[in-house]
Amino acid sequence: MLKRLSRHVVVCFGFVILFSGVVRAQSSGILDGIVTDATGGSVPGATVEIHNPVSHYDRSTTSDADGKFRFANVPFNPYHLVARAEGFAATSMDVEVRSAVPSAIVVTLKVASAATTVTVESSGTDLVENDSTFHTDVDRGLFDKMPLESASSSATSLVTLVSPGIAADSNGNMHALGDHAQTAFSIDGQMVTDQTSKVFSNQIPADSIQSLEVISGAPPAEFGDKTSLVIKVTTRSGMGVTTPTGAVTGSFGSFGTSTAGFNMAYGSEKWGNFVSLSGLNSGRFLDPPEFVAIHDKGNEENFFDRVDYNLTKMDTLRLNLQYSRSWFQTPNTFDNLSAVNGNPAGDADQRSQIGSYNIAPNWTHTIGPTAVFNFGGFVRHDQYNYYPSNNVFADLGPINSETITQDRQLTNAGVRGDLSWVKGIHNVKAGAVYQQTFLTENNRFGIIDPNLLPSTTDASGAPCFDSTTDSAVPGTPCATLLPIDLTRGGSQFLFRGHTDVKELALYVQDTITKGNWSFNLGLRGDFYRGLSSATELQPRLGIAYNIKPTNTVLRISYARTMETPFNENLIVATTGCNVDVIAALIPCVPANSPAGFRNEFHAGFEQAFGKYLVIDGEYLWKYTHNSFDFSVLGNTPITFPIVWHNSKIPGYAIRASMPNFHGLTALVVMSSVAARYFPPQVGGLGVTVGQSGSVFRIDHDEKFNQTSHLQYQPWKRGPWVGFNWRYDSGLVAGAVPDFATALAFNGDQQAAIGLFCAGPSGQRIFASLFSPLSNATSSCGASPTGTGAVRVNIPEEGTENDDKNPPRIAPRNLFDLAVGHDNLFHGDRYKWSLRFTVINLTNKVALYNFLSTFSGTHFVSPRSYSAELGFHF
């Protein structure tokens, strides 16, 4: 296999040499220009501004003694450019940055007395992009004033709010366009496809992000692996910032939450450095299974540094460094408290710690006016530790029958190269990425529930344990599990696993612009060699047509993609059935976690209405063979990937943007995406012989969601207000198919969903922690009537259907508000800022999910307040 991979590497670099290409994975480019007068003479000291009214990107610079100017680190987008100089009339023009190849423009100024009136505002043509890929562009000018619920997962919280097609979930999780965790981050061209929610890894801090491009449409050929959503991140740079510029901030709020941060950019035309440091401490670090936070403390520290250095006019080096550490408690339910459950071992005290670092150097060489070569490497590492209670028997709870300790490591290392070439109507890209992911899993677990073995059966369904003699029938699961039953003198079982996943990607793509037409053609090849193997050739095609008189863009696109297995707990998921103890806990037969492949189709439009409104819509249809999801290792908090036979995901997504209109900006995103999965399970723990089943809506299916964001700043140096309205119709809650099932829950679980029935006088009787509802409850009667739940929609008796009418979390409306001032004392060089944020303004009691297979039960945040003071220099 290594010999074959070596041949692939040789082919890879040959591929790069043979083809020229534009690297869109590199998320930013350079805009060079010169300001001249009508005779062609240079104009020094001219002010040049570029602005994108949709993403809110806004930058300015001054031409040098030769009239030259440069904007570096500019996200790929169209821009409106305005140039001004004393004695000249202002001049404007529309420009585009679409490649790593520097764009060169000439701006000609006319003498004021001889000039006619010039319009320096956007004409509206730069509101639409002639691009076949549906995407959302957001710059700090917009998201810096957005109230965000989660400080520890601000990147995914931001994406959930600004991009359509995303169902919100707890702890920074998001379900993109009907998929779970099929999301990739491209951070200055480095792909990160592993999960980044705060229970798996540490995210890139939001204060290091300059802009985002969120690709929801068919992905171009440069992107692979996890492509339901591709988030291109351009980080902040100090290049060209000749005066140290930055901020020191601190905040305090509800749940004892406090933050501190420092960031600074500094450099010259030859070098630049941006560095940020931040810390967070909170009494509500994770979204808990109760509306009140119990045992939910956590802290996080982040360091990010980006260094740019121009070796020559043709060569630039960049180095990205990041280190993050988080420590947090596993939130308890009331059932985890000894005062409630009577457990003499005490309250549950489970904790986690995650340490992450990333090192990513990159070399960019400008070959000529039409070509650029990039070569880079990366090493990214996650160290995850899960700790049980000091007394392991305190871990016993309604969904915990075992105690577990986990030490898991993930190291992703590789190299990437790409060549960019722009000529005439062609904007071509070719590149290659080779990477290896080293996985290590150490799990130690034991049974802490004395009732687990007595309730265990053999293959025929007969009990296999005699609790009166504490003996197990030989050759049965009980005999296998008895040695790890800590309640009967057993000891913990140790599972050790290590593997090396090798991946090679080759791609070429060309964006052809001819008149009003734009064609995106691409071809990608992926070679995956892990615990399973796969090779896939993936064509990509997109067509867009710009109807310029009406500012309309029509588009269609197609992509074939390969979906690779999740790396988190992949070893136990794939090899666990070969271990007797694990196979006894989760009846299964050995099965790989095979890679999947997908065909997806998109059709959409973008329409500008004048200068102040643009609407973007997309219909999508995705069919996947081998669809990934997650399951749970026994009754523990450890999740692992599984594979279903196939899935069908249709839906639509809409975004409406209103650029700045007298200080008011607005953004509305909405979507409806169905996630239909088809048994049998074909990969991961839990595969059994003769499995069957019917199509079902997986627990990240949501009928409809929307976000509306309003931002108002009446004058540029004055106060501002940001407002969010988020509506979610509710994820599938398969654990509550009917009221009879809900009656079997304990009081805490019934209270979480707000279960009720009608009393003798028709009044609602609600379940509570110590008074659960049951058929024997005299107030409800043996045949309860007027039944239901406040926070879960339970189908009417006899109407539940896993595909057409599944149970769902009840709809919720959440409102967030931020009010601030960026320059309290109207300083020029030094400024003080103040902001006040309220999350969940109406204090809505609502659930993200309930007894979800993947994540359990979680409530949204109660109303919370925070105040932040900042000093800017």
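Which cysteine does a disulfide join to Cys464? The partner is Cys478, with 2.0 Å from S to S. Before going on, some ground rules. This is a predicted model, where local features need pLDDT of at least 70, side-chain atom pairs count only at pLDDT 80 or more, and totals for chains, interfaces and linings use all residues. Residues are numbered from 1 along each chain as its sequence is written, and side-chain values use heavy atoms, with hydrogens and water left out.

Disulfides, then. A disulfide is a covalent bond between the sulfur atoms of two cysteines. Here the term is applied to a pair of cysteine sulfur atoms within 2.5 Å. By that rule there are 2 disulfides.

Back to Cys464 and Cys478. The torsion about their S-S bond is about 65 degrees, so this disulfide is right-handed. The pair links distant parts of the chain, 14 residues apart: Cys464 is in the loop between β24 (426–447) and β25 (465–466), and Cys478 is in helix α5 (residues 477–481).

Cys464 has a relative accessibility of 1%, so Cys464 counts as buried. Cys478 is at 0% and is buried too.

The other disulfide joins Cys577 to Cys588, at 1.8 Å from S to S. This pair also links distant parts of the chain, 11 residues apart. Cys577 is in the loop between α6 (570–575) and α7 (580–585), while Cys588 is in the loop between α7 and β31 (596–608). Both Cys577 and Cys588 are buried.

Next, a sheet. In what order do the 4 strands of the open sheet stand? The order is β3-β2-β5-β6, and the pairing is antiparallel. Two strands pair if DSSP finds at least two bridges between them. The edge strands are β3 and β6 (91–97), each pairing on one side only. From one strand to the next, the twist averages 20 degrees; for such angles, axes are lines fitted to C-alpha atoms, for helices over the stretch in contact, and angles run from 0 to 180 degrees between N-to-C directions.

Within that sheet, 6 bridges join β2 (residues 47–52) to β3 (residues 57–62). Asn52 stands opposite Tyr57 in β3. β2 and β3 form a hairpin with 4 residues between them, and His56 in the turn has a positive phi of about 70 degrees. On the β6 side, 7 bridges join β5 (residues 77–84) to β6, and Asn77 stands opposite Val97 in β6.

One more residue. Gln749 is found in helix α9 (residues 747–753). Its relative accessibility is 15%, so Gln749 counts as buried. Which residues does Gln749 touch, not counting those up to four places away in sequence? They are Pro398, Phe850 and Leu851, where contact means heavy atoms within 4.5 Å.

To finish, that is the tour: 2 disulfides, an open sheet of 4 strands, and a buried glutamine, Gln749.

Definitions and conventions. Helices (H or I, at least four residues) and strands (E, at least two) are DSSP runs, numbered from the N terminus. Buried means under 20% relative accessible area, exposed over 50%, partly exposed in between (1.4 Å probe, protein chains only).
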